[in-house]
Amino acid sequence: IMTADLSKKSECLRLVKALDDRRVDLFINNAGFGDCGPFLQTDLDKDLDMLAVNIRAVHILTKKIGQKLYKQGFGALLNVGSCAGLMPAGPYMATYYATKSYVVSLTSALAQELREAHSPVYAGCLCPGPVDTEFNDRAGVVFALKGITPEFCVQEAMHGMMHRRTIIVPSAFMRACTTAQKLLPASLLMPIVARQQKKKLG
């Protein structure tokens, strides 16, 4: 076990250096947090910390560990995004949704590049909906949809990786939701998302 504050670039690089001489079979970028509230009212410092953890740390570790796996010639990299990253935007959780869109986009691009390089290295993005963890408490959410268990989420992640899926959405319900949202124009979808997110404010 090695502790690190991934909001700091130096700490991310320290983690990478600690893995220099180690074989890595699976690396999971799971650190992240959210916040809930109108964008103009949420705390700027918390937003910037979220960008540092949800984007910069993921970017650094994806690049550095991705390079290590590519050099090894094997291994898997799983970035934990969110169904939020598959949506056009997320009113009342604007920063969080934006960070997860970045994770989905970055991982999808890397996965395609690895395929075109005929590399056996796998890169994928896990995009769950609500999971029963302490996330909601950290995000200041007082109402949330019923979540899946962490154990089920892990099972779905492993199954998706075994089938080398680039985007893994645990649970049939969330897969149906993410598919359905693609069929709606943004002008109809955004008010629906906003209404659901407002419920989280109590």
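Good morning. Strand β3 (residues 122-126) and strand β4 pair in the parallel sense, over 2 bridges. Here two strands count as paired if DSSP finds at least two bridges between them. Helices (H or I, at least four residues) and strands (E, at least two) are DSSP runs, numbered from the N terminus. Within this pair, Leu-126 stands opposite Ile-168 of β4.

A word on the source. This is a predicted model, in which local features need pLDDT of at least 70 and side-chain atom pairs count only at pLDDT 80 or more, while totals for chains, interfaces and linings use all residues. Residues are numbered from 1 along each chain as its sequence is written, and side-chain values use heavy atoms, with hydrogens and water left out.

Let us now consider the whole sheet. It is open, has 4 strands in the order β1-β2-β3-β4, and its pairing is parallel. β1 and β4 (167-168) stand at the edges with a single partner strand each, so one side of each has no neighbour in the sheet. In general, strands of a sheet pair through backbone hydrogen bonds, either parallel or antiparallel.

Leu-26 stands opposite Ala-76 in β2. The covered face of β1 holds Phe-27 and Asn-29, whereas Leu-26 and Ile-28 form the uncovered one. Together, β1, α2 and β2 make a right-handed β-α-β unit; right-handed means that, with the strands pointing away from the viewer, the path from the first strand over the helix to the second runs clockwise.

Which elements give two or more residues to the lining of the second largest pocket? The volume of this pocket is about 220 Å³, and the elements in question are α2 (44-72) and α3 (94-116). A pocket is an open set of points on a 1 Å grid over the protein atoms alone, where a 1.4 Å probe fits, with protein on both sides within 12 Å along at least five of seven lines; lining residues have an atom within 4 Å of a point. The volume is the space filled by probe spheres set on the points, which are joined across faces, edges and corners. α2 provides the largest share of the lining, 6 residues.

Finally, Val-104 is found in helix α3.

Definitions and conventions. Buried means under 20% relative accessible area, exposed over 50%, partly exposed in between (1.4 Å probe, protein chains only).
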